[in-house]
Amino acid sequence: MTISFITELPVLSILIFLPAIAVLFVPFLPSNHAVRWFTFSILMIDFLIATLLLVSFDNSTAQMQFVESRSWVPSLGISYKLGIDGVSVLFLFLTALLGWICVLASWNAIAKRLKEFMACLLAIQSLMLGVFCALDLFLFYVFWEAMLVPMYLIIGIWGGNNRIYAAFKFFLYTLAGSLLFLVGILVLYFEGGRTFDILALMDISYELNLQKWVFVSFLIAFAVKVPMVPMHTWLPDAHVQAPTAGSIILAGVLLKMGAYGFIRFSLPILPDASHYFAELMQILSAVAIVYGGLLALAQKDIKKLIAYSSISHMGFITLGLFTFTSNGITGAVLQMFNHGITTGALFLFIGLVYERTHSRDIPAYGGMIKAMPLYGIFLSIFLLASMAVPGTNGFVGEILVLSGTFGVNNWAASAGVLGALIAAAYLLGLYRQMLLGPIRIPGAAKVWDLNKRELCCALPLLIFVFWFGLYPKPFLNILRPTLTNLLEQTLGAGL
Amino acid sequence: MNGLPVESTTIDLAAVAQSVLATGPEIIIIIGACAALMLSLVPHQRQNQLLSALCVLMIILAATMSYFLGDYPQTAYADMFVIDDFSTYFKMILYLGTALTVLMSGQYLIKEAVVQGEYYALLLFALVGTMIMVSATDLLLIYIGLELQALSIYVLTGFLKANTRSNEASLKYIIVGAFSSAIMLYGMSLFYGLTGTTNLNEMKTALLTLEMSDPMLILATLFMLVGLLFKVGAVPFHMWVPDIYEGAPSPITAFMSVAPKAAAFAVIIRIFMQDLALLQPIWVLNMAGIAVLTMALGSFVALVQKNIKRMLAYSSIAHAGFLMLGLVAGSKEGISSMMLYLLIYTFMTLGIFAIIILLNKGVLLSEPIEDFSGLAKNHAGLAFMSLLFLFSLAGIPPTGGFFAKFYVLTALVDQGYIVLAVIAVLLSAVAAWFYIRIIMLMYMEPATGSAKIHITLPILTVLLIATAGTLMAGLFPSWFLEFAAGSLR
């Protein structure tokens, strides 16, 4: 289905800059209530635009669509170039979806300096959408790096007790990673005949030695973002300290950017180096899956548990990508989307209960399914999805990744299976301790079941859990041409 | 100057007139300085405002004249002085820096209770000195400009008479300044001995006959370079920077970190990259080492500073190191990246100093970093501007500071100095730490002191110009880039 008017408008620019422009109005809004509704409606409009893009996306081609190109710094060959393919359109949609959910999740949770908080949410939304649309490396880098600023503020101002340490660590880790990425970009730029155009860079075949160095510089940036073991230590701190909306954005979108970087740059631009490092990446991924899972098993703090489970789940994604099989890569991309939905939902639900009880201590809870039945049901479904039970979204992604890995690297695949088992152990453990047994509520706080606003956040996520679990075909159709093309690019070169 | 006796008998009036015209902007500023001195003798209630208005007016006049003169390159005073796009570009930076300094001085002088006309006159004299530095093509004239600038700043540094730190800073600056000038002069005299001229153009041809491995030439080059590196605060000639930055009145610190530095870099570029580019093999490796050391020391030592001005002193050392990378790259792109960097640096540095002046609690108090605590709570706008300047200093997009660093790195990678680029980016990650720390104080800590912040129109103008410059350079870098690159022949 194509809708003609949207191809004529600079729709990606509108999508990206709508929230950024909205930031300018936030300081002048009269009341906190107005700020909430304003932010919500802006992000809702953004979501509708993203939906429109998804619906009118032409899934018969691997070409970039909705391309916009303007010169920006002509003397350096930098242009303002945007465009989306099957992978980016999916993540635009995910980002836009989580955007308004974050506003709803912070409706009452953010008590102080609401205006600044909503401004940060709008700004980060803009920048994240920009990352997924950018087709110019310089532009990409600007979005990628600028994103740190609002996220730093979100963690550092509205976070938990140890928020300042966590914010610092988050900022410096990611900054150090991305600065080397910048040098890598410059090397590609000069070796590729002074262009930052990502599509043009994909057509250049660099010599292997150069590819290796650039790959490493990219790897550090992406591995910090994903995060891959051993660059993961910022994540638990950041997640635990961040406010709910911050955690949702971190888990839902920011972590995906590392994997997106592999898909957009490492695999197509540096195919030979990707093959060269494939085994290392598979091993690192397998380690992340098992090690993250084992760490999660030992946690007593709900947020920490989910944070470590993220590391484990992100391991599946990098594992799938570096198998260079159709199943592996497709599974990885689906897993990226699913992890955004499921883990986003889990952080949302931790936030909801934390708002009521102000405790994240797992042993302090018990029988919550009796105290808050609706909440209990939703949470159990999301836990099951995170566990990759058949019928939920998690299953589709993980099974594809594993089927892609068997035959390529059996050890890594076995580690993946083991990781899935460990995931079942810690998630079911969480389920048992928190939801079952006699009712225990930390601090004897008053709890109430989900209200309408909270249901509005939870329902769309639930829908996607089952939609992906039972009928992923429409999404697979969108992805297929892009991923086939990606696979050709990575396999076609060199080997 | 061989035919001196013959030529001096007939004075070419047209050439003199042309020379005078070419130095019109300098003359305007000197007239302004004298007028400021005289005006300061007339007691008047609004003397402070009148003086700063006069200074800004004169600077605008001079800038306009420079703008129209800059259209065509011309030499003056028997080839000692030149007006070209390069010098005009730097003069624009100097005008900008000085005008903003004047605008932010008024409030500070009232707060510190040292309102005096000499302040403005000296500031203008310092400006003339730096202007002469960027236009001079003769070692002697360069030296005169340098000394004029330095002498004015010595006095300005000690302007807070009742403040021992200010006095101490002034004295230290005089001693160190004299020392570095002496080294430089020695280098210049060696050059004169080797080439028989002080004129850069003639020296350029004379150099062709010299061996590059001549130890005397190496010594001369290094001495002259060391003298200039003193002025920009490069390691190991940086010791004076923190003490003097801390002790000087804040607007003068702001001025020092912009104008003399830009002028010194202009001189370095003119001497070592353009006229005497032949000398490059002698210094390029040293320069790379010095640049790395400067960045490293500046970044690491800034981490532990408790006084905001000291911290910015080390930050300015780190920035000087980054700038020197442009010299190492040596290409045309390297030079224009330095020029762009200096312009953007002017915006962000003066912006953050304007904030420091606003936060100043009054007579005889130092400026601890904690002054920034909780700024976001009571003054959201100011806090946001500081956030912008600090992220720009740290080099985070989409601010101008990012593009400035990016462009230097581009020039560096282009010349194949990839390892240097990697070191530079890692050190700027270290440097990011202390800028972020101030942002943390502003946004994440409760307010401590209750500094009464009173924003006047001039300082608001400074803030708005600095904000606009910092943001525009990040969002639309090509305007600034064309301006800088276009100023290179």
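Start in chain B, where B:Phe322, B:Leu325, B:Gly326 and B:Ala329 of α14(B) meet B:Lys405, B:Val408, B:Ala411 and B:Leu412 of α18(B). Sorted by class, this contact has six nonpolar residues, one polar and one charged. Keep in mind that the model is predicted.

Now the geometry. Helix α14 of chain B covers residues 308-329, and its axis lies 9 Å from that of α18(B). The two pack at an angle of about 30°. Roughly parallel counts as under 35 degrees, so α14(B) and α18(B) are roughly parallel to each other. What is the hand of the crossing where α14(B) passes α18(B)? It is left-handed.

Next, the contact between the chains. Here 25 residues of chain B touch 26 residues of chain A. On the chain B side, the elements giving two or more residues are α18 (400-414), α19 (418-444) and α21 (477-486). So much for the list; which element of chain B gives the largest share of the side that touches chain A? That is α19(B), with 13 residues. By class, this side of chain B has 21 nonpolar residues, three polar and one charged.

Last stop, chain A. Strand β1, residues 65-73, pairs with strand β2, residues 78-84. The sense is antiparallel, over six bridges. A:Arg70 stands opposite A:Tyr80, which is in β2(A). Four residues lie between the strands of this hairpin. In the hairpin, A:Gly77 takes a positive phi, near 70°.

That's my tour. Over to you.

Note on methods:
Residues are numbered from 1 along each chain as its sequence is written. Chains are lettered from A and ligands numbered from 1 in the order in which they are written. This is a predicted model: local features need pLDDT of at least 70, side-chain atom pairs count only at pLDDT 80 or more; totals for chains, interfaces and linings use all residues. Two residues are in contact if their C-beta atoms, placed from the backbone, lie within 7 Å. Ala, Val, Leu, Ile, Met, Phe, Trp, Tyr, Cys and Pro count as nonpolar, Asp, Glu, Lys and Arg as charged, and the others, Gly among them, as polar. Two strands pair if DSSP finds at least two bridges between them. Axes are lines fitted to C-alpha atoms, for helices over the stretch in contact, and angles run from 0 to 180 degrees between N-to-C directions. Angles under 35 degrees count as roughly parallel, over 145 as roughly antiparallel, 65 to 115 as roughly perpendicular and the rest as oblique. A crossing is left-handed if the near helix is turned anticlockwise from the far one by less than a right angle, and right-handed if clockwise.
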